[in-house]
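Dear colleague,

I am passing on the structure below, together with some notes on what came out of going through it. Please read the notes with the coordinates open beside them.

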Amino acid sequence: MFSERIGALDQGDHAPLYKQLQKALRDAINAKVLAPDDALPAERDLAAEYKISRITVRKALDGLVGEGLLTRRQGAGTFVAARVEKNFSKLSSFTEDMISRGRTPHSAWLTKSRGAVTPEESMTLGLSPGTPVYRFSRIRYADGAVMALEFSTIPGFCLASPDDVDHSLYAALEKTGHRPARALQRLRAVLLGAEHAELMGLRPTDPALLIERRGILADGRAVEVTQSYYRGDAYDFVAELNALS
């Protein structure tokens, strides 16, 4: 019985039933009773076993999907989320990373806009004052769970319009011959501010990993400045290190 693995609901607890089920599942995941990629029983089976409604089960699971602890795979069911390993030495897009791991990426666009380069952007991108740029901000998802918050600035010569970017910024840049050939990246741990936390469905001061990237063409021109806030409970960054010969 699944309830024997993660525990039964507490009849003396006055918290809503969906909260109780969430807590039982969350505790089981944190205690490694449920391992990454473990499949959960079907919603109807959970409802029958715990003697609660399917609506209650769905509400409990929805909350944990939003937290990034569970993922839904179309036609397969609900699974314990596995932490994503991002190869820090490979230049790839979020979309490519998720697809390579069998996960379904999508984005919720916050803004797509055009404007003039700021003094800070001018220094980073090597552009003259007043040069047109495009700015993009969006929330990145995998299997319906929030994974990152992303802000990008691209020189105007790279794209005809900000609407050229649909699912993948790098795919749009590749079409115009301006996909970065290399990049300089900096990673640091940060605490989310209230605005960023709200957009990601997290709490203020929750930990995150901030990646600052400057993408560069083969000819040395900078074509991308991106700041990405990755949720700290869902990502591991790895890099291969070689000894000097």
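Which residues does Thr-71 touch, not counting residues up to four places away in sequence? They are Gly-77, Thr-78, Phe-79, Ala-81, Arg-103 and Asp-143, where contact means heavy atoms within 4.5 Å.

Before going further, please note that this is a predicted model, in which local features need pLDDT of at least 70 and side-chain atom pairs count only at pLDDT 80 or more, whereas totals for chains, interfaces and linings use all residues. Residues are numbered from 1 along each chain as its sequence is written, and side-chain values use heavy atoms, with hydrogens and water left out.

Thr-71 lies in strand S1 (residues 70-73); helices (H or I, at least four residues) and strands (E, at least two) are DSSP runs, numbered from the N terminus. With a relative accessibility of 2%, Thr-71 counts as buried, the classes being buried under 20% relative accessible area, exposed over 50% and partly exposed in between, with a 1.4 Å probe and protein chains only.

Leaving aside neighbours within four places in sequence, Leu-25 is in contact with Phe-2, Ile-6, Leu-34, Leu-40, Leu-61 and Leu-64.

The buried residues of H2 are Tyr-18, Gln-20, Leu-21, Gln-22, Ala-24, Leu-25, Ala-28 and Ile-29, and what covers them includes H1, H3, H4, S1 and strand S2 (77-80). Just after H2, Lys-32 takes a positive phi of about 65 degrees.

Turning to the strands, 7 of the 10 residues of S8 (residues 207-216) are buried, so S8 is largely enclosed by the rest of the structure. Taking strands as paired if DSSP finds at least two bridges between them, S8 runs antiparallel to S7 (residues 182-191), with 10 bridges joining them, and antiparallel to S9 (residues 222-231), with 9 bridges. Gly-215 in S8 is the bridge partner of Ala-183, while Arg-213 has Thr-226 in S9 as its bridge partner. S8 and S9 form a hairpin with 5 residues between them, and Gly-220 in the turn has a positive phi of about 95 degrees.

With best regards
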